[in-house]
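Please look over the structure below before reading on.

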Amino acid sequence: MIPDVNNLNYYYFNKESNLLYDKDKYKINFFVVFKQFFEIFVKGIGALKYFFDLGYYGFCTQSDFALFGFTNNNIRSLSPLKEHLPSSNIFSDHNIKFKKVWFYAMLYSPVILYRCLVYKSYKKETYCFNFKGFCRSYGMYKEASKMLKIINPKFVIVSNYQSYTSRSFYKAAKELGI
């Protein structure tokens, strides 16, 4: 299933929720967008080697409760839960490899670039401002789905529902019936 990247990036895509929106800061610069497009392409090609790494998902240990937090503050907020939930693991940037995300981002980047060109006003501004985030969110969703299938949890707890990383894990868990 192709995820709705607008929903995964809800914080940016919905103008009312984006409290940090500043018209000057979001000024469209296509040079930066094309530079990021090229960067995603280079990192995407570099990520191909991880598809041949048999131990790539070695960090995905099965547990009944999968806790996801992607900042130090998120991890601190989840730590008390881990202490009280048997068979639980905290997954974060510290123990998850997100290298394959770049490959999927590369595949989806032409769609995001197209939206940068055809969307109008705020939608265009936010796609251009957060170009890499919109591209990576597609890859993050794909990786979240794969990881959750391996971890096979009964419950998923996500800290910071605003980030596309957390929303990807939440949406993937929901799609998998977790």
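What follows is a short briefing on salt bridges, a surface patch, a helix pair and backbone angles.

This is a predicted model, in which local features need pLDDT of at least 70 and side-chain atom pairs count only at pLDDT 80 or more, while totals for chains, interfaces and linings use all residues. Residues are numbered from 1 along each chain as its sequence is written, and side-chain values use heavy atoms, with hydrogens and water left out.

**Salt bridges**

- With a salt bridge taken as a side-chain nitrogen of Lys or Arg within 4 Å of a carboxyl oxygen of Asp or Glu, the count comes to 3 salt bridges.
- E39 pairs with K43, their closest N and O atoms being 3.1 Å apart, and because these residues are 4 apart in helix α3, about one helical turn separates them; helices here are DSSP runs of H or I with at least four residues, and strands are E runs of at least two, numbered from the N terminus.
- E39 also forms a salt bridge with K132, with the closest N and O atoms 3.2 Å apart; E39 lies in helix α3 and K132 in helix α7, so this pair ties together parts that are 93 residues apart in sequence.
- K154 and D64 meet in a salt bridge at 3.8 Å, N to O, and this pair links the loop between α7 and β3 (155-158) with the loop between α3 and β1 (65-68), 90 residues apart.
- K154 counts as exposed at 56% relative accessibility, whereas D64, at 28%, counts as partly exposed (buried is under 20% relative accessible area, exposed over 50%, partly exposed in between, with a 1.4 Å probe and protein chains only).

**Surface patch**

- F38, F41, V42, I45, L48, F51 and F52 make a nonpolar surface patch of about 700 Å², where patch residues have over 30% relative accessible area and no salt bridge, like charges being joined within 9 Å and nonpolar side chains (Val, Leu, Ile, Met, Phe, Trp, Tyr) within 5 Å.
- F41, found in helix α3 (residues 30-46), is partly exposed with a relative accessible area of 43%.

**Backbone angles**

- S87, in the loop between α4 (72-84) and β2 (88-91), has a phi near 55°, a positive value in a residue other than glycine.
- S121, in helix α6 (residues 121-129), has a positive phi near 45°, and is exposed with a relative accessible area of 55%.

**Helix pair**

- The axes of helix α7 (residues 131-151) and helix α8 (residues 164-175) come within 8 Å and cross at roughly 40°.

Notes:
Areas by Shrake-Rupley, 256 points an atom, 1.4 Å probe, with all protein chains shown as cover. Axes fitted to C-alpha atoms, helices over the stretch in contact; angles between N-to-C directions.
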